[in-house]
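Welcome! Have a look at the sequence and the fold, then read on.

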Amino acid sequence: MKKIVQTAGRNTLGEFAPEFAHYNDDVLFGENWNNQDIDVKTRCILTVVALMSSGITDSSLKYHLENAKKNGVTKKKIAAIITHVAFYVGWPKGWAVFYMAKEVWNDEEVGNDAKSQHEASMVFPIGDPNPVGEYFIGNSYLTPISNDQVTIFNVTFEPGCRNNWHIHHATSGGGQILICSR
């Protein structure tokens, strides 16, 4: 494992609060983040969850989201993590973290088709064609968001998609999203 070195404490607070800078750079990042008992990717996820749980949505969260991405946490994985944690720490905290996560993961390659462009603007992935699509006229898509404790799915409907009892109206910007649980 490459040694993690942090200098933000000394760079920002070195003269004003040298002891705090020391704890930040040498203990928190120098010792704790370099502890081999937890891999860096898991440590990144735990840190994002801890900050989200505390309601911290400032630059420190953005730094740790970027760090999570750099250490292999995918857009799909962070979406599932934030969704899962939001049930325990509060839906508004989930929304706040999603706004920041979208900024961090916005540079992932997006296809040129309309579905890919629309999916890039959404919080949750669109997924695959709905396995019960035969009950619909038009296209709908289904993707699992969480399978832990409560199974949650995102169902995305293209504009005009309908079944025998309901039409999914939408704006020209894309379809509708339905979050389901079972």
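## A lysine and its partner

Lys62 is partly exposed, with a relative accessible area of 29%. What does the side chain of Lys62 meet in a salt bridge? The partner is Glu103, at 3.2 Å from N to O. Glu103 is likewise described as partly exposed, at 46% relative accessibility. Before going further, please keep in mind that this is a predicted model.

Arg10 takes part in a salt bridge with Asp25, where the closest N and O atoms are 3.5 Å apart. Asp25 is found in helix α2 (residues 18–32) and Arg10 in helix α1 (residues 8–13), so this pair links parts that are 15 residues apart in sequence. Arg10 also forms a salt bridge with Asp26, and here the closest N and O atoms are 2.5 Å apart. Again α1 is tied to α2, because Arg10 lies in α1 and Asp26 in α2, 16 residues apart in sequence.

Are these residues buried or exposed? Asp25 is buried, with a relative accessible area of 3%. Arg10 is partly exposed at 41%, and Asp26 is partly exposed at 29%. Through their shared partners, the salt bridges join Arg10, Asp25 and Asp26 into one network.

## Helix α5 and its cover

Now let us turn to helix α5, which covers residues 75–89. Just after α5 comes Gly90, which takes a positive phi of about 125°.

Which residues of α5 are buried? They are Ile78, Ala79, Ile81, Ile82, Thr83, Val85 and Ala86. The elements that cover these buried residues include the helices α3 (40–54), α4 and α6, along with β2 (140–146) and β3 (152–157).

## Where α3 meets α6

Two packed helices are described by the angle between their axes and the distance between the axes. For α3 and α6, the axes come within 9 Å and cross at roughly 125°. That angle makes α3 oblique to α6. The crossing of α3 past α6 is right-handed.

Which residues make the meeting? From α3 come Met52, Ser53 and Ser54, and these meet Lys93, Gly94 and Val97 of α6.

## A valine in a loop

Our last stop is Val73, in the loop between α4 and α5.

What does Val73 touch, leaving aside residues up to four places away in sequence? Its contacts are Lys41, Ile45, Ala68, Ile78 and Trp105. One of these, Ile78, is also among the buried residues of α5. The C-alpha atoms of Val73 and Cys44 are separated by 8.5 Å, although the two residues are 29 residues apart along the chain.

Terms used. Residues numbered from 1 in each chain as written. Predicted model: local features only at pLDDT ≥ 70, side-chain atom pairs only at ≥ 80, totals over all residues. Heavy atoms only, no water. Salt bridge = Lys/Arg side-chain N within 4 Å of Asp/Glu carboxyl O. Helix = DSSP H or I, 4+ residues; strand = E, 2+ residues; numbered from the N terminus. Buried < 20%, exposed > 50% of the residue type's maximum accessible area, 1.4 Å probe, protein only. Expected span 1.5 Å × (residues − 1). Contact = heavy atoms within 4.5 Å. Axes fitted to C-alpha atoms, helices over the stretch in contact; angles between N-to-C directions. Parallel < 35°, antiparallel > 145°, perpendicular 65-115°, else oblique. Left-handed = near helix turned anticlockwise from the far one by under 90°.
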